[in-house]
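Hi,

Here is the structure I promised to pass on to you.

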Amino acid sequence: MTEKKFYAAVLLFAAAGLLAIWPLPNTIGVRHLLLLIGFLASLMILTKNAWQLKHLFAWPVYIFFSFFIWLVFHFLFLSGNHEEQWYELTGDWLRNFLAASIGLALGLVLSDPAHHLPSRVQRVQQTILIWGLGGTITIFCIRYAYEVIQTGQWIHANFFMTPYLGKTPLVIFGSLFLPVMFIKILSALRRSEHPIWYLYGVLGLLATVLTYYFANTKNGFAMFVLLFGYFLFHVLTSNTHIKTHRTGIYILLLACLLIFGYVVKKHLDNNPAWPNLLADYKISSQIEKHSNWKNQISPVPSNEYGIPVNGSTYERVAWGYAGLKLLQENPWGYGLINHSFGALAIQKWTDFRKPNGKNRGATHSGWLDFALGFGIPGLLLLWIPLLVSYWRARQRTDFWSVYAVWTIPVIAISYLTTEVCSDHFIELLFFMTAMFSGLTLSSGHEASGANVD
């Protein structure tokens with residue numbers, strides 16, 4: 001084994017470990033160790049592949065990493081709070097830089113695994129990373145099974161608080177895992193994967209849907225429905241081997257629809273916010289007319305049917321509109337990852353709720369919070385590499401490029417509708433953006449075996 005391949009193997013295992021435990025509470029020591037190991041390995045990989053980074057084709061990588069230059073410039077000349085921004089620079093942003101470096105190096109490795117990885121590791125590299133991507137769902141299911149065994153009860157509503165202290169980790173990491181299962185099932189249907197992936201794929205999808213159900217997350221179910229619709233589109237419009245065994249496919253799809261449909265129906269029954277979503281949205285957007293969203297002192301408004309607006313819908317929409325208004329007035333951003341929205345809101349609206357320490361309030365949109373923190377320029381420095389990676393990935397046929405085609409829209413949507421401008425979610429965002437940029441850095445190695453885009 002050459003030195004280069006050794007470091008690539010270390011990088012692969014470190015990245016998989018990070019993906020598996022990134023949102024798990026009380027793992028900060030392990031995560032820091034994996035970040036350090038992965039970063040040191042990434043330095044070796046990037047050094048030995050510097051020729052790719054010198055090529056003009058690598059311009060999206062430079063756009064992406066120039067964000068860190070913008071960050072320093074923002075701190076020196078545009079910061080709204082020097083003390084807290086310095087704290088984030090020496091903590092959060094240091095970890096984000098390490099994660100981005102690991103992601104870029106991993107993308108280079110995955111773009112040509114046969115060249116970078118030892119033969120034994122190369123044969124199982126997909127399996128290793130798939131287990132990493134499915135780590136959050138696996139840990140949740142194991143912990144839930146343990147709870148069932150301990151209590152003798154099958155149903156534990158809102159169980160997400162026990163292992164993860166919130167729904168968001170399940171939504172984000174579950175949504176990154178779902179495309180893998182759909183892609184593998186499609187590949188099995190097209191006979192480019194072993195038929196065992198019918199079983200593995202359905203089990204993975206079912207585990208994720210049940211996780212969403214017990215977490216009672218609307219965002220999670222919305223992402224699943226969108227991905228399932230995209231999967232059906234591929235099946236119904238395919239002109240390959242799928243047509244030769246259409247009966248079996250229809251039986252499989254019917255079984256999936258029945259199981260997933262039942263779980264989705266139970267979720268809808270438990271969430272009265274869905275039927276009145278449009279009416280609640282209309283009233284929630286009137287932020288100048290109603291003020292409950294500022295301080296929760298005045299009564300919650302009622303929608304056009306005379307029903308009090310759903311609290312979650314009201315806050316999401318009202319704070320979203322307020323955030324857009326603040327972004328128009330502050331296009332350069334406030335400077336903080338955490339709660340730039342609240343810091344700007346209390347400057348504009350004197351009756352906005354008072355901060356609880358550094359907890360000032362964030363919108364329920366990660367992208368909006370990120371823009372409020374680092375301005376429209378900072379947002380574009382992430383969006384441009386993601387868009388270029390998506391476009392380039394569509395020209396490739398290897399598994400991880402197909403995964404990028406499925407997953408980049410997932411990231412775009414989930415970070416739009418979920419409160420994820422904090423901690424490890426930003427680390428994950430920088431890791432994935434860098435990984436896709438590295439993965440599509442060269443068009444010279446286009447493997448086959450997952451042509452399902």
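Please keep in mind that this is a predicted model. I'll begin with Arg-396, which sits in the loop between helix H19 (366-393) and helix H20 (399-417). Arg-396 has a relative accessible area of 3%, and it counts as buried because that value is under 20%. Its side chain has a polar partner: the side chains of Arg-396 and Ser-401 are joined by a polar contact of 2.7 Å.

The other residue I looked at is Leu-19, which belongs to helix H1 (residues 3-21). Leu-19 is buried too, with a relative accessible area of 3%. Setting aside neighbours within four places in sequence, Leu-19 is in contact with Leu-129, Gly-132, Leu-133, Thr-136, Phe-173, Leu-428 and Phe-431. Of these, Phe-173 is 154 residues away from Leu-19 along the chain, yet their C-alpha atoms are separated by 8.4 Å.

Leu-19 also takes part in a helix pairing. H1 packs with helix H8 (residues 119-133) at an angle of about 20°, and their axes are 7 Å apart. Since angles under 35 degrees count as roughly parallel, H1 is therefore roughly parallel to H8. The crossing of these two helices, H1 and H8, is left-handed.

On the H1 side, the residues that meet H8 are Ala-9, Leu-12, Phe-13, Ala-16, Leu-19 and Ala-20. Their counterparts in H8 are Val-121, Gln-125, Ile-128, Leu-129, Gly-132 and Leu-133. By type, the residues of this H1 and H8 contact comprise 10 nonpolar, two polar and no charged.

Best wishes

Conventions:
Residues numbered from 1 in each chain as written. Predicted model: local features only at pLDDT ≥ 70, side-chain atom pairs only at ≥ 80, totals over all residues. Heavy atoms only, no water. Helix = DSSP H or I, 4+ residues; strand = E, 2+ residues; numbered from the N terminus. Buried < 20%, exposed > 50% of the residue type's maximum accessible area, 1.4 Å probe, protein only. Polar contact = N/O pair within 3.5 Å; in protein donor to acceptor, adjacent residues only side chain to side chain. Contact = heavy atoms within 4.5 Å. Axes fitted to C-alpha atoms, helices over the stretch in contact; angles between N-to-C directions. Parallel < 35°, antiparallel > 145°, perpendicular 65-115°, else oblique. Left-handed = near helix turned anticlockwise from the far one by under 90°. Nonpolar A, V, L, I, M, F, W, Y, C, P; charged D, E, K, R; others polar.
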